[in-house]
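Student: Could you show me how to read the strands and their pairing in this structure, beginning with the overall make-up?

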Amino acid sequence: MFIQRFIPVIGLAMFASSALVHAGSPTCVAPETKLSWPAVNPVWEMCWLAPDDSVGPAGSGMELRNVYWNGQLVLRRAHAPMLFAEYKDGNGGDCYRDWKDQPTSTLAANAVQNQLGDIPPGGNAAITSCDRSNDATASYGYCPYLLPIPAGYSCTQGVAIENMGDHVRLTAQYIADWYMYSSRMEFYVDGRMKPTFGFGNRNGTFNGVTHWHHNYWRFEFDMDGLGNNVVSIDNSDQAVEFTDLRNVGGGPGGGPRTWSVRNPSSGNGYRMVPGASDYEYATNESGRGFHTLDFMATRTHANEYGDNPNYDLFDCEMHEENIVNGENIANTNQAIYYRVAVRDTTANSWPPGCSGGNCQAQNSMVCKSVGPTLYPFGPWADLIFADGFDVLVPGARLQIY
Ligand SMILES: [Cu+2]
């Protein structure tokens, strides 16, 4: 078994190194800033924008453009243009569509503030409200969240960029009144991309009402930059825009439903696999019908970054019919959307109809983080993954920078 894998690894490694001679690289135009990681012989390159420079109505959080892996274009854009909070009925039925363009400080090492830097020994060099969260009912306010500020750290806005050894991590935090949202993206040497979203807070507003948060990431893949992608549900290619649920044929204890985008000419692609925590909260758990899907594949249109180009705070339902409306998505450019949600539960209110010890314990002020992993597959990833997408070949091209 080992020998069988070993021989093709050597052959492909030689091919890969010759391909790198012709590596592509993004051109970033202000306010974009270029990241090359590692700084010498970069594996990942991209242009990043802080939340207040992101596109879309009321922004789209941390935004990455023209993301290259080993000199090959992967993503035209990755961001999070739709963000919501909704409250359990009985409290006036409040709900909000939050803005995503107001930065708030993280507690970050000076070395990683809006530039690539090494993390201090044993340290988290970009501490968010979500990282600090530690209590079911207490909040910790703004940066530094009632913490002493370590030497070499300060409260700072923008994007923190940490060299984590086998991956690079970008962190931004933004605020919509009492909620503080942490957006992270991690890029691994082996090609994996891991977005994580944390739903935190700065005070106890609505601490006493069970509520949900929903974040929709949006990814514009363009494998090899040829504009001819195909989107699949598991391994079934789709010709027309669609919505989907991650819990069909999957869920806790079951195999996940996955989605992929690939260039059918080269065979290079990425597969999205939900994280275990993504399954913890049922779709449309509130029963209000505002957020009834987990995934969308849409044809891209200029300046279309979501369901509503001109919304206000109270447009708290996501109208998928505005963007998933029968267009062809075969061999073109698509935007895929992936929804994650968390429930902040108050004592004696969940599950509905519970009483006393049958109710879930309050955890409403504990920040919860969720997110999928995106795995490369095809020729550009054959060095790394056996069995399709989820089994790493031991030691293959894994290096520490
Ligand atoms: Cu909350």
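Tutor: The chain has 2 helices and 25 strands, where helices (H or I, at least four residues) and strands (E, at least two) are DSSP runs numbered from the N terminus. This is a predicted model, in which local features need pLDDT of at least 70 and side-chain atom pairs count only at pLDDT 80 or more, while totals for chains, interfaces and linings use all residues. Residues are numbered from 1 along each chain as its sequence is written.

Student: What share of the 401 residues is buried?

Tutor: A residue is buried if 20 or more other C-beta atoms lie within 10 Å of its own, exposed if 12 or fewer, and partly exposed in between, with C-beta atoms placed from the backbone. Here buried residues make up 45% of the chain.

Student: Which strand do bridges join to β23?

Tutor: Two strands pair if DSSP finds at least two bridges between them. Strand β19 (residues 269-273) is joined to β23 by 5 bridges, and the two run antiparallel; within this pairing, Val273 has Thr373 as its bridge partner.

Student: Why is one side of β8 and of β9 left without a neighbour in the sheet?

Tutor: The open sheet has 3 strands in the order β8-β6-β9, with antiparallel pairing. Because β8 (126-127) and β9 (153-156) stand at its edges, each with a single partner strand, one side of each has no neighbour in the sheet. Strand β6 (residues 106-109) is joined to β9 by 4 bridges, and Ala109 has Tyr153 of β9 as its bridge partner.
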